[in-house]
Amino acid sequence: MNFPIVLNHRKNKFSVKLGGIVIAILFFFNLGMAQHIHLKVLKAYSIKSTGGWDYIAIHDATQRLFVSHGIQVNVLNAVSGDSIGIIPNTIGVHGVAFVNALNKGYTSNGRLNNVYVFNLNTLKVEDSIATGENPDAIFYNEITKKIYTCNGRSKDISVIDPFINTVIATIPVGGKPETAVADEKGNLYVNIEDKSEIVLIDGATNQVMHHWSIAPAEEPTGLVYDAATHTLFAGCGNKMMAVVDARNGIVKKMVPIGAGCDGVAFDKTWRQVYASNGQDGTLSIVSADTYAVLNTIPTMKTARTIAVSEKTHHIFLPAAAIDHKSVPGKRPAMLPGSFRVLLVGKE
């Protein structure tokens with residue numbers, strides 16, 4: 001009488017094992033598919049206002065693009081490219097961060113040495129916060145509930161409490177901070193552009209814990225963090241992407257990318273890291289798992305910064321046509337009226 005029970009037990013064990021094998025096969029199949037997604041520039045959104053630019057940010061909940069541009073932030077519909085409005089008088093603006101719980105956005109205004117606080121619905125500026133000198137990259141840390149600005153000229157980080165719109169700490173980092181990201185514990189990792197370093201900051205105490213060299217990579221700019229593997233990907237100026245273990249600072253691999261990288265983005269679902277290379281007008285696509293270069297696609301010269309939507313998987317790159325009469329050795333001047341945002345997606 002026990003015999004059928006043993007048979008059923010064996011069958012269940014076999015089914016469990018088979019199910020596990022099937023799941024594993026499907027996982028690796030899906031991973032392989034993700035690594036062979038063909039991307040290209042699908043369209044361009046024209047912005048006719050004048051001035052230079054830096055970062056671009058996507059607010060996924062509303063599918064709005066926030067594009068730093070000269071003395072304002074242009075806000076576009078990310079699907080259609082239609083203009084929604086502007087945030088004016090953001091002199092020398094670099095980046096934009098969002099705190100959805102407060103329905104607020106924040107702009108880092110490099111020439112004003114401050115941050116503007118604006119309403120996400122109306123785009124109206126409601127407050128300003130003094131920071132360190134030349135605030136550049138800005139981001140919101142979901143764990144610590146704080147906003148951080150990378151202050152290039154004063155070589156420090158301003159820590160802002162968005163609930164009271166006040167700088168509550170200033171963290172010297174010993175060099176020019178370019179970009180910062182956070183891990184799942186709220187600790188910060190900061191690219192130090194003039195030192196070829198990544199600095200680790202304790203998110204709870206606001207104290208620098210480590211200075212990690214990423215040589216021979218130079219001038220680290222874009223930076224992303226993969227929580228699944230505790231890995232940092234730093235796009236660097238000498239055509240390298242440094243892959244760094246976020247737990248100990250060990251450089252795991254140097255990946256070749258294009259020239260003039262000033263931004264890196266990470267699609268967590270597709271497991272792909274993107275480096276926007278403005279000097280040669282390419283987008284390097286790197287596997288977050290194997291660190292192999294999956295593809296390099298043409299974009300446009302000057303397309304050096306980047307944002308990716310986790311909702312649509314679209315990639316956005318601001319760029320402009322170059323005035324060929326520009327002075328050699330200096331940043332190329334843009335042709336008036338040529339500024340645009342490139343949308344990259346699946347073919």
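Keep in mind that the model is predicted.

The largest pocket holds about 1,400 Å³ of space. Its lining is made up of 42 residues, and the closest to its centre are F139, Y140, V181, V224 and K268. Which elements give two or more residues to that lining? They are strands 2, 6, 10, 14, 18, 22 and 26. To place a few of them, strand 10 covers 135–141, strand 14 covers 177–182, and strand 18 covers 220–226. By class, the lining of the largest pocket has 27 nonpolar residues, 8 polar and 7 charged.

Now the second largest pocket. Its volume is about 1,100 Å³. Here 37 residues form the lining, and W53, D262, R304, R331 and P332 are the closest to the centre. Strand 3, at 64–69, gives two or more residues to this lining, and so do strand 6 and strand 22. The class counts for the second largest pocket are 8 nonpolar, 16 polar and 13 charged.

On to the charged pairs. Side chains of opposite charge can pair when their charged atoms come close. How many salt bridges are there? The count comes to 9.

Start with K104 and E126. Their closest N and O atoms are 2.3 Å apart. E126 is partly exposed, at 43% relative accessible area.

Next, D194 and K155. In this salt bridge the closest N and O atoms are 3.9 Å apart. Both partners sit in loops. D194 lies between strands 15 and 16, and K155 between strands 11 and 12, so the pair ties together parts 39 residues apart in sequence. D194 has a relative accessible area of 42%, so it counts as partly exposed. K155 is partly exposed too, at 39%.

Third, R271 and D226. The closest N and O atoms of this pair are 2.8 Å apart. R271 is in the loop between strand 22 and strand 23, while D226 is in strand 18, so this bridge ties together parts 45 residues apart in sequence. Are these two buried or exposed? R271 is buried, because its relative accessible area of 13% falls under the 20% cut-off. D226 is buried as well, at 2%.

One last item. K176, E178 and E193 are linked in a network of salt bridges.

Definitions and conventions:
Residues are numbered from 1 along each chain as its sequence is written. This is a predicted model: local features need pLDDT of at least 70, side-chain atom pairs count only at pLDDT 80 or more; totals for chains, interfaces and linings use all residues. Side-chain values use heavy atoms; hydrogens and water are left out. On a 1 Å grid over the protein atoms alone, a cavity is a set of points where a 1.4 Å probe fits but cannot get out, and a pocket is an open set with protein on both sides within 12 Å along at least five of seven lines; lining residues have an atom within 4 Å of a point. Grid points are joined across faces, edges and corners, and a volume is the space filled by probe spheres set on the points. Helices (H or I, at least four residues) and strands (E, at least two) are DSSP runs, numbered from the N terminus. Ala, Val, Leu, Ile, Met, Phe, Trp, Tyr, Cys and Pro count as nonpolar, Asp, Glu, Lys and Arg as charged, and the others, Gly among them, as polar. A salt bridge is a side-chain nitrogen of Lys or Arg within 4 Å of a carboxyl oxygen of Asp or Glu. Buried means under 20% relative accessible area, exposed over 50%, partly exposed in between (1.4 Å probe, protein chains only).
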